[in-house]
Amino acid sequence: MRTHTVIDSPYGPLTLVADEEGLCGLYMVQQRHRPAEETFGHPDPSAPIFAETERQLKEYFAGQRREFDLPLSFGGTEFQRTVWRGLLGIPYGETVSYGELADRLGRPTASRAVGLANGKNPLGIIVPCHRVIGSNGDLTGYGGGIERKRQLLDFERGGSTLF
């Protein structure tokens, strides 16, 4: 059974969703591919997973955390889950292209499919899809918007604070 809560962040409200296995969603307001609210389950702000997620996100936004240590529960197809797990291997402050990520996953001709899976990442920020860029270095698609992607990358590179 799923539960959810909403927390504040420099991005504005973030909806956290959990199931029995762990955190399965982190959604921004006006996020592309945001599921319908009724799929989030009942509100339960007291769930321990939410307190721990909020603590780790606060540390991240304060520049004190570079990796998250949370139980994650991935839905999606096997290919999507492979891509999302691959995103976890991109170090803080670094970027890779969709083609590079496809190569890392052993699917060198699947950069377009990697991009589509990346765009449907249900755990933005924690599973760092913002670290994937176009092959020419351009910032391309991000469910939270290109400006948010730019801000996250600048923040991680030490060039700015968030908002």
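1. Strand 1 and strand 2 form a hairpin, with six residues between them. Gly12, in the turn, has a positive phi of about 95°. The two strands run antiparallel and are joined by five bridges; strands count as paired if DSSP finds at least two bridges between them. Thr5 has Leu16 of strand 2 as its bridge partner. Helices (H or I, at least four residues) and strands (E, at least two) are DSSP runs, numbered from the N terminus.

2. The model is predicted: local features need pLDDT of at least 70, side-chain atom pairs count only at pLDDT 80 or more, and totals for chains, interfaces and linings use all residues. Residues are numbered from 1 along each chain as its sequence is written, and side-chain values use heavy atoms, with hydrogens and water left out.

3. Strand 1 also pairs with strand 4: the two run parallel and share two bridges. Here the bridge partner of Thr3 is His42 in strand 4. Strand 1 (residues 3-7) is mostly covered, since four of its five residues are buried. Buried means under 20% relative accessible area, exposed over 50%, and partly exposed in between (1.4 Å probe, protein chains only).

4. The largest nonpolar core holds 36 residues, of which Leu23, Leu26, Leu57, Tyr60, Leu87, Ile125 and Ile126 touch the most other members. Such a core is a set of buried Ala, Val, Leu, Ile, Met, Phe, Trp, Tyr and Cys residues joined through side-chain atoms within 4.5 Å. At least two of its residues come from each of strand 2 (14-18), strand 3 (23-28), helix 1 (48-61), helix 2 (78-87), helix 3 (98-104), helix 4 (111-119) and helix 5 (146-156). Helix 1 gives the most, with five residues.

5. Which residues does Leu57 contact, leaving aside its neighbours within four places in sequence? They are Ile7, Leu14, Leu16, Leu26, Phe68, Ile125 and Ile126, where contact means heavy atoms within 4.5 Å.

6. Most residues other than glycine have a negative phi. Ile125 is buried, with a relative accessible area of 1%.

7. By the ring-centre rule there are seven aromatic pairs. Rings of Phe, Tyr and Trp (its six-membered ring) pair if their centres lie within 6.5 Å; planes under 30 degrees apart count as stacked, over 60 as edge-to-face and the rest as tilted. Tyr27 and Phe40 are stacked, at 5.4 Å centre to centre and 15° between the planes. This pair links distant parts of the chain, 13 residues apart: Tyr27 is in strand 3 and Phe40 in the loop between strand 3 and strand 4 (42-43). Both residues are buried.

8. Tyr60 and Phe155 form an edge-to-face pair, at 5.5 Å centre to centre and 70° between the planes. Tyr60 in helix 1 and Phe155 in helix 5 are 95 residues apart, and both are buried.

9. The whole structure contains zero disulfides, a disulfide being a pair of cysteine sulfur atoms within 2.5 Å. For Cys24, the nearest cysteine sulfur is that of Cys129, 16 Å away. Cys24 counts as buried at 5% relative accessibility, and Cys129 is buried at 7% relative accessible area.
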